[in-house]
Amino acid sequence: PLKRDVSESVFIDRDGNHFGHVLNYLRDQAAWTPPSNPDMLAALRNEARYFILPGMESQIEAALSGMRQHFCVQCQKYFKAEDNHTKACAKHTGKISELVIEETVTT
């Protein structure tokens, strides 16, 4: 059931930062491009599921599956597998042996 406020308007209690992407997708599905941030993609996938937008969800899944991300536990940052992490995070320059890298699986 839809939530309504006192004026009988439909009330959607969702994150406004993500809702802009949903609106842009609904306005022009062919022109909408998923963002490149894996955390944002995961959040938008939840929004696509909430609003029952299988086309948007499919585009997000394709974007996520095309990313091979690593996560540096030391600096708490994601970087692409093909990136040189010492370039991505200056804190670790010359300290490659001290890096702890975890493979992330996006689902």
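Analyst: A salt bridge is a side-chain nitrogen of Lys or Arg within 4 Å of a carboxyl oxygen of Asp or Glu. This is a predicted model: local features need pLDDT of at least 70, side-chain atom pairs count only at pLDDT 80 or more, and totals for chains, interfaces and linings use all residues. Residues are numbered from 1 along each chain as its sequence is written, and side-chain values use heavy atoms, with hydrogens and water left out.

User: Why is the contact of R14 and E47 called a salt bridge?

Analyst: N and O are 2.8 Å apart. The limit is 4 Å, so the pair qualifies.

User: What does the pair R14 and E47 tie together?

Analyst: R14 sits in the loop between β2 (10-11) and α1 (16-27), and E47 in helix α2 (residues 38-50), so parts 33 residues apart in sequence are joined. Helices (H or I, at least four residues) and strands (E, at least two) are DSSP runs, numbered from the N terminus.

User: Why is E47 called buried?

Analyst: Its relative accessible area is 5%. Buried means under 20%, exposed over 50%, partly exposed in between (1.4 Å probe, protein chains only), so E47 is buried. R14, at 28%, is partly exposed.

User: How do you know that R45 and E61 form a salt bridge?

Analyst: Their closest N and O atoms are 3.4 Å apart. R45 lies in helix α2 and E61 in helix α3 (residues 54-65), 16 residues apart.

User: What makes R45 buried?

Analyst: R45 has 6% relative accessibility, so it counts as buried.
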